[in-house]
Amino acid sequence: MTVEPNAAPSEREIRMRPLYAFNFEVRFAQDPLDGAGDADAPASEGAFAEVSGLEATMQHKEIREGGLNLGAHQRPGPVGYQTVVLKRGLMRNRDLWRWFDAIASGRYAPRLKVTIELRGSDGTPLMRWALRRALPVRFKTADLSARASEVGVEELHLVHEGLEHEEAG
């Protein structure tokens, strides 16, 4: 079987290619309770340098059966989600700090839906993750130093009640 050098890659070849993880966008929107309110009202957008913690872990249940000495039965259990950490350059825009501060000081602040969208090198959306009912639990501003020459980085730590994953294309 010969392959032409200028032939377009097949759909399977495209799906099997690893994706680059450097081009992404993070969006924040209000996350209403089961259809109440406007889910599309944008709360914030941000150019973040790093996102970590997109992780779900299932706590399996081990059931031992009497007389079965070769091992235990494994059953699915509850799913837990990792704290998601967003890092971005220090900015004058303080909307994420105001969200954290409102919750930390006991004032009303909505839970937000956080969408992380991975994009191809040409800007085409490839994949999307959504954090349902996200809540900020830690805000860290940049360390300040008269000797530093790099951009200051602030962090926002989020807990959430669900991780959704979908293709964006």
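Predicted model: local features only at pLDDT ≥ 70, side-chain atom pairs only at ≥ 80, totals over all residues.

Reader: How many helices and strands are in the chain?

Author: Two helices and twelve strands. Helices (H or I, at least four residues) and strands (E, at least two) are DSSP runs, numbered from the N terminus.

Reader: What pattern do they follow along the sequence?

Author: The order is α-β-β-β-β-β-β-β-β-α-β-β-β-β.

Reader: And what share of the residues counts as buried?

Author: 25% of the 169 residues. Buried means under 20% relative accessible area, exposed over 50%, and partly exposed in between (1.4 Å probe, protein chains only).

Reader: Switching to charges. How many salt bridges does the count come to?

Author: The count is 17. A salt bridge here is a side-chain nitrogen of Lys or Arg within 4 Å of a carboxyl oxygen of Asp or Glu.

Reader: Which residue does E50 pair with?

Author: K87, at 4.0 Å from N to O. The pair links distant parts of the chain: E50 sits in strand β3 (residues 50-52) and K87 in strand β8, 37 residues apart.

Reader: How exposed are E50 and K87?

Author: E50 is partly exposed, at 37% relative accessible area. K87 is partly exposed too, at 23%.

Reader: What about E161, which residue is its partner?

Author: R111, with the closest N and O atoms 3.0 Å apart. This pair also joins distant parts of the chain, 50 residues apart. E161 is in the loop between β11 and β12 (163-167), and R111 is in the loop between α2 (95-104) and β9 (112-119). E161 is partly exposed at 46%, and R111 is partly exposed at 24%.

Reader: Which residues are linked in a network of salt bridges?

Author: E25, R27, E117, R119, R128 and E166.

Reader: Pockets next. What volume does the largest pocket have?

Author: About 570 Å³. The search runs on a 1 Å grid over the protein atoms alone. A pocket is an open set of points with protein on both sides within 12 Å along at least five of seven lines, while a cavity is a set where a 1.4 Å probe fits but cannot get out. Lining residues have an atom within 4 Å of a point. Grid points are joined across faces, edges and corners, and a volume is the space filled by probe spheres set on the points.

Reader: What classes make up the lining of the largest pocket?

Author: Eight nonpolar, four polar and six charged residues. Ala, Val, Leu, Ile, Met, Phe, Trp, Tyr, Cys and Pro count as nonpolar, Asp, Glu, Lys and Arg as charged, and the others, Gly among them, as polar.

Reader: How many cavities of 30 Å³ or more does the search find?

Author: One in the whole structure. The largest cavity has a volume of about 30 Å³.

Reader: Which residues line the largest cavity?

Author: F48, L86, R88, L96, F139, E154, E155 and L156. By class, five are nonpolar, none polar and three charged. β11 gives the most, with three residues.

Reader: Last one. What is the phi of R133?

Author: R133 has a positive phi of about 50°, although it is not a glycine. Most residues other than glycine have a negative phi. R133 lies in strand β10 and is partly exposed, at 24%.

Methods. Residues numbered from 1 in each chain as written. Heavy atoms only, no water.
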